[in-house]
Amino acid sequence: MVPYRSLFLLLLTCLIIQSCKSGEEFSGFSYDPEGATVTTDKKIQLQHKRTIGISADGIWVSNEFDGARMSNFYQVNDSLYRLIIEAENYPVNNSPWYAFKIHSDSTREIDLQLSYKEGDHRYIPKLSSNGKQWQPIADSNIQVDTSGTATLRLSLDDGQPLWISAQELLTYNNMLYWADSIRSTSPTQLDTVGYSHQQRPVVKMTIGQAASTQPQGVLIITGRQHPPEVTGGLASQVFIETLAADTPLANSFREEFEIRAYPLVNPDGVQGGHWRHNGAGVDLNRDWQAFNQPETRAIRDDLLPLKDDANRSVYYGIDFHSTNENIFYPINRDITTFPDDFTYRWIEDLEKVFPATHFAVEPFDTSSPIAKNWIFHTFGADAVTYEVDDRADRQKLRRVSQEAAQIIMRKLLDEWEKSNSNAQ
Ligand SMILES: [Zn+2]
C-alpha cells in the first residue's frame with residue numbers, strides 16, 4: 001500500500017525547509033524558487049533606461065550605464081526619497097541587484113530608501129565618485145529595517161554624481177578588456193563560441209598551447225552565470241591570471257594542461273543588471289541538462305568535441321559563484337571521479353595555508369542540472385562549484401584565489417605524472 005500519509009508529510013517537510021530542490025545552492029540566501037529548473041524562455045521586463053528626478057528639489061537619478069538597475073524614484077517627504085528596484089522577472093532568488101547614479105544641484109544630505117519588489121536588502125551599498133573605485137557605505141550611514149528595505153544617508157556634492165551599486169561594477173566590457181590583457185603574460189586565444197539572446201558574444205579564453213598535438217590535460221572554468229555574483233567574478237579573474245602568469249609553476253602547468261575558460265556565461269544578465277537570470281528570464285545554472293538557452297548550448301557544443309579528442313583529457317572543472325559565505329560544493333565523496341577526490345584534497349591544502357579562514361564544504365549528488373554536474377557526467381572528471389562570500393575582504397579574496405590556483409596547478413601536475421607513468 002502506498003503510504004500516502006508519509007508522502008504528504010515528506011512533501012510538507014520539503015515545502016517548509018525548501019531543500020528538496022534539484023539545485024544545490026540552498027544555503028543561506030540561495031535557494032531555488034518554484035520553476036527554476038524549467039528553463040524554457042520566460043518573459044522579462046526590459047528596464048527603462050532614463051534619468052529621472054524631482055526638479056523642484058534638484059535631485060536626479062540615472063540608470064543609463066552598463067550593469068545599472070533602477071526601476072523608479074520618487075520623493076516621500078522633505079528629506080526622504082525612495083528608489084524602487086525590480087527584478088528582470090519573477091519568481092527569482094533574493095539577489096536584489098541595484099546600481100544607479102544620483103546627483104543634486106546643490107550640496108546637501110538626503111535619506112534614500114532602497115525598496116525591493118519581492119526582495120529583501122542583501123548587498124552592502126558600494127559608493128563611487130567615478131564608477132571605478134568603490135568604497136562600502138559606512139555602517140553609520142545605513143539602516144536596514146525588518147521589512148527588508150535599507151535607508152541610506154547620503155552626502156551629495158553640488159552637481160557631482162555619486163554612483164551607488166550592490167557590488168563594484170564588473171561589466172561585460174570590463175571582462176573583455178581584462179580577458180584581452182591576459183595575452184600579455186601568456187599565449188591566450190579569445191573566441192566567440194556563440195551569442196546570447198541579445199546577441200552578445202559568449203567568449204572563450206584558451207590559455208596554453210592550444211595548437212599542440214601532444215596529449216594534454218584540460219581544465220574547464222566557467223563564471224558569472226549569475227550576474228550579481230561579483231566576488232565570484234573577481235576570484236575567477238585572479239585564478240585565471242595565476243594560471244596564465246609567467247612563473248615557473250604556471251609555465252610547467254601550461255606545458256601539460258590547456259585552460260578553457262568561459263568567464264562570462266551570462267552577458268545579457270550582467271549588462272542588464274539582472275538579479276539572476278539571462279535575457280530569457282532563465283537561471284542558466286539550471287539549464288545544463290535541457291540546454292534550452294543559447295549561452296549554455298554554445299559552451300556545451302564548444303566542449304563536447306573534447307570527448308572524442310584522443311590528445312585531450314578533461315581533468316577538472318570549476319564554476320565560480322558567490323553567496324553569503326565561502327563554500328565549496330564538491331561532488332559527493334562516494335562517487336568516483338577522475339581524478340578521484342580531487343576537490344577534497346585541494347581544499348585540505350588550502351585550509352592549511354589559511355587556517356583562520358572558514359571554508360564550508362557541502363557535498364552534493366550529481367543529479368541537478370548545473371554546470372559542475374554536466375562536466376562530471378560528460379567527461380567523468382571531478383568538478384566543483386566555488387562560492388565566494390559576497391562580503392569577502394577583497395585583498396583576502398585575491399590571496400585565497402591565487403593560492404587556490406597554485407595548489408590546483410601543483411596537484412594537477414601530480415595527477416598528470418601519475419596517469420602518464422601508469423600508462424607506460
Ligand atoms: Zn550562483
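Select R297 first: leaving out residues up to four places away in sequence, it touches F291 and N292, a contact being heavy atoms within 4.5 Å. Before you go on, know that this is a predicted model, in which local features need pLDDT of at least 70 and side-chain atom pairs count only at pLDDT 80 or more, while totals for chains, interfaces and linings use all residues. Residues are numbered from 1 along each chain as its sequence is written, and side-chain values use heavy atoms, with hydrogens and water left out.

**Stop 1: around R297**

Show the side chain of R297 and you'll see it reach the backbone oxygen of N292 at 3.0 Å. That's a polar contact: a pair of N or O atoms within 3.5 Å, where within protein one must be able to donate a hydrogen and the other to accept it, and residues adjacent in sequence count only if both atoms are side-chain atoms. Is R297 buried, exposed or in between? Its relative accessibility is 31%, so it counts as partly exposed; buried means under 20% relative accessible area and exposed over 50%, with partly exposed in between (1.4 Å probe, protein chains only).

**Stop 2**

R297 sits in helix 6; helices (H or I, at least four residues) and strands (E, at least two) are DSSP runs numbered from the N terminus. Color helix 6 and follow it across strands 12, 13, 14 and 15, running at about 165° to strand 15. Axes here are lines fitted to C-alpha atoms, for helices over the stretch in contact, and angles run from 0 to 180 degrees between N-to-C directions.

Next, select the open sheet of eight strands, with mixed pairing and the order 12-13-15-14-16-19-17-18. At its edges are strand 12 (188-195) and strand 18 (360-361), each pairing on one side only; two strands pair if DSSP finds at least two bridges between them.

**Stop 3: strand 13**

Zoom in on strand 13 (residues 201-207). Six of its seven residues are buried, so the rest of the structure largely encloses it. Strand 12 runs antiparallel to it, with seven bridges joining the two; D191 has K204 as its bridge partner. The two strands form a hairpin with five residues between them, and Q199 in the turn has a positive phi of about 65°. Strand 15 (residues 257-262) is also antiparallel to strand 13, joined by three bridges. Look for M205 with A261 and T206 with R260.

**Stop 4: helices 3 and 4**

Helix 4 (residues 248-256) lies across strands 13, 14 and 15, at about 95° to strand 15. Bring in helix 3 (residues 230-244): it packs with helix 4 at about 85°, axes 7 Å apart. That makes the two helices roughly perpendicular (65 to 115 degrees; under 35 is roughly parallel, over 145 roughly antiparallel, the rest oblique). Select T242, L243 and A244 of helix 3 with A250, F253 and R254 of helix 4 to see the contact.

**Last stop: helix 8**

Which residues of helix 8 are buried? A371, K372, N373, W374, I375, F376, T378 and F379 are, eight of the nine in this helix (residues 371-379). Their packing partners include strand 14 (216-223), helix 6 (294-303) and strand 19 (382-389). Finish on G380, which follows helix 8 with a positive phi near 75°.
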